[in-house]
Amino acid sequence: MRTLIWLLALLSFASAQVNQAVWRQQVIYLVMPDRFHNGNPANDRAGYADCFDPRSPTKFHGGDWAGLRQRVGYLRELGATALWVTPAYRQIPRLEGSCGYHGYWPDFRLPDDGALEPKLGSAADLSALIRDLKSSNIRFILDMVVNHAGYGARITAQRPDWFHRSPGCLNLGEPEVNCPLAGLPDFNQSAPEAAQYLSRLSQGWARRLALDGIRMDTAKHVPLAYWQDGWVPAINQASPGLFKVAEVFREESAQDLKPYLEAGFDSAFNFPLRRALVGAFAKGGSVDLVAERVRQDLGILGLERHLMLTSLLDNHDVPRFVNEPGLGVPEDEIRRRYHLALAALFTLPGIPQLYYGNELAMYGGPDPDNRRDMPGWAWRAATRNGVYPGQALPNPGRTFRFVQKLIGLRRASPALYEGAYVELWRHNSDPNPNVYAFLRSSGDSRLLVVINNGTLRSGGIAIPLKANPDLSEADRDALSDGAQLAELLGEGAPPSLRVRNGSVAVDLGGKTVGIYQVR
C-alpha cells in the first residue's frame, strides 16, 4: 500500500512539472492589451466611463481582447509563439487622474467573483482570443497579482486584517515584503485565510481559462514560504504543467533569482542579463559585461536552469532599449547597437521575451512613455518601411525583418534553445577589438556567434578552438582543421569561415554580428 501511495505521489509530481523542452523553444511576446489595438469601440466606456481618455497617458485608450484577436495574424507573421498579456482583473475607479489601464490595480472582493475589466471585453471575448491563439499554435500567458490589491479595492473594507499597515511595517521584517509597494494595499500572506484566498483566486483564473502559463507580478514582495508552500502547490493542483514565471526585479546576479526557482517557479525574468546588455550595447560599453554575467550566472544556476530563464531587453517597467543610448547618439548608430543586442538576446541561453513594439524599434522613456499605443502603421509591411520621427527608428520594417530572421534561426536550431554554451573569446578590457564569441551546441546542431561591439573592424582575430578546455570532444571534432562554417544571418558578416591551425579567423566590421552554422 505504501508503495502504491508513493507511486501515485510521484506520478502527481511528474504531471505538475512544466515541459521544459517545449518552453525553451518559445518566443514570448508581451502585450498591454489596452495599448495594442481597439477591436470593439463599443466597450471603450464600459465600467467607469471617466477612465477612458486616449489623450491621457494614464487612462484607458481602447485596446481590448477583440483587438488582439484581430492581430493574431501579426503575431504569426512575426513568429512569436507565446503571448503574455498584463492582468485581466476588473480595476478600481479613477484615482487622481489615473486608472488601471495596465491591470495592476485589481478591485478584488470576497468571495472572489472573477470579475474582468469590462473595457477589455467579456469573458467570452477573452476565451475566443485564447481559442484563436491555440489554433495558431501560440501559447497564452496571463499576468497575475497576489502581492497587493488596487487602491481602495472592495476587499480592503471587507477584510482590513488581511493587509499590512504602513505604520510599523518596518518592524515586521524585510521592508520589501512587509511594506506597501507604491502605497498599494499589501496582502499579508502569513495570515492563513489571506493566503488561502489568494491561492484560490489564482486557481480560479487557471481553471476558468485555458492558460498555458502565468506571469507572477512583484514576486520579490511576497514571502518565499508562501510561494513554496502555498501558491505553487495550489497552481500545480489546479492546472498541472502550467508554466510559471516570476518577476523578480533585481539586477545584480542570478543569485537573486535562484530562491524563486527553488520555491517552484519554472522561470524568472533575467534582469541581471538585461542590465549587462544595456551597459554593453546600448551604452557602448565592453562586451565583457555580458560575457562575465553569463559566465557567473551559469556557475550559479547551471545550464538547465539558465536555459529556462526569460531574457529581455525591455518591458513595461523600464525605458525601451532604443531610448537607453541617450540624446546625441545618431539613429543609425542606435539601430546598430539595438540589432547587436537583439542578436545576443536570441542566441544566449534563455527564453527570449519581446515587448510589443520591440520588433519596430519603438521609442519610449520611463513609465508611462514606454506604454505608448501600438502605431497603426505597424500592421502592414508597406507602411512599416516609412519614417516616423519620434515614434520609432527610421524604417521600422528593417528591424521587424531582422527579428523575424532571429526568431526563425532560433526555432530551427536546437543549439540555441537547448544547447550548451562555451565562451570562446572576449576582449578582456582591451578597447579594441570589442569582440565576443561563443559556441552553442546540441547534438549535431552547432552555431558560432561572433559579435563585434567596437567601432572598427576586428582585424581578422584568431579565435582559438583546439586549445579551449571547455569544448566537448564532439564539438572539438566538429571544429577540427578544415571544418567550414556558413553564415546564416546575412547582416554584413563574412559569408563563410574555415578552421585552420586550431582556430578560426574572423574579420567583422564594427557593430556587426555573424551567426555561423558548423557544417
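Q: What is the bridge partner of Leu-30 in β10?
A: The partner is Tyr-355. Strands β1 (residues 28-31) and β10 (residues 351-355) run parallel and are joined by 3 bridges; two strands pair if DSSP finds at least two bridges between them, so β1 and β10 count as a pair. Strands here are DSSP runs of E with at least two residues, and helices are runs of H or I with at least four, numbered from the N terminus.

A quick note on the model: it is predicted, so local features need pLDDT of at least 70 and side-chain atom pairs count only at pLDDT 80 or more, while totals for chains, interfaces and linings use all residues. Residues are numbered from 1 along each chain as its sequence is written, and side-chain values use heavy atoms, leaving out hydrogens and water.

Q: Why is α11 called roughly antiparallel to α12?
A: The axes of α11 (residues 271-282) and α12 (residues 288-301) cross at roughly 160 degrees and come within 8 Å. Axes are lines fitted to C-alpha atoms over the stretch in contact, with angles from 0 to 180 degrees between N-to-C directions. Angles over 145 degrees count as roughly antiparallel, so α11 is roughly antiparallel to α12.

Q: What makes Glu-96 exposed?
A: Its relative accessible area is 79%, and exposed means over 50% (1.4 Å probe, protein chains only), so Glu-96 is exposed. Glu-96 sits in the loop between β2 and α5.

Q: How do you know that Ala-182 counts as exposed?
A: Ala-182 has 59% relative accessibility, so by that cut-off Ala-182 is exposed too. Ala-182 lies in the loop between α7 (175-178) and β5 (186-187).

How values were computed. Parallel < 35°, antiparallel > 145°, perpendicular 65-115°, else oblique. Buried < 20%, exposed > 50% of the residue type's maximum accessible area, 1.4 Å probe, protein only.
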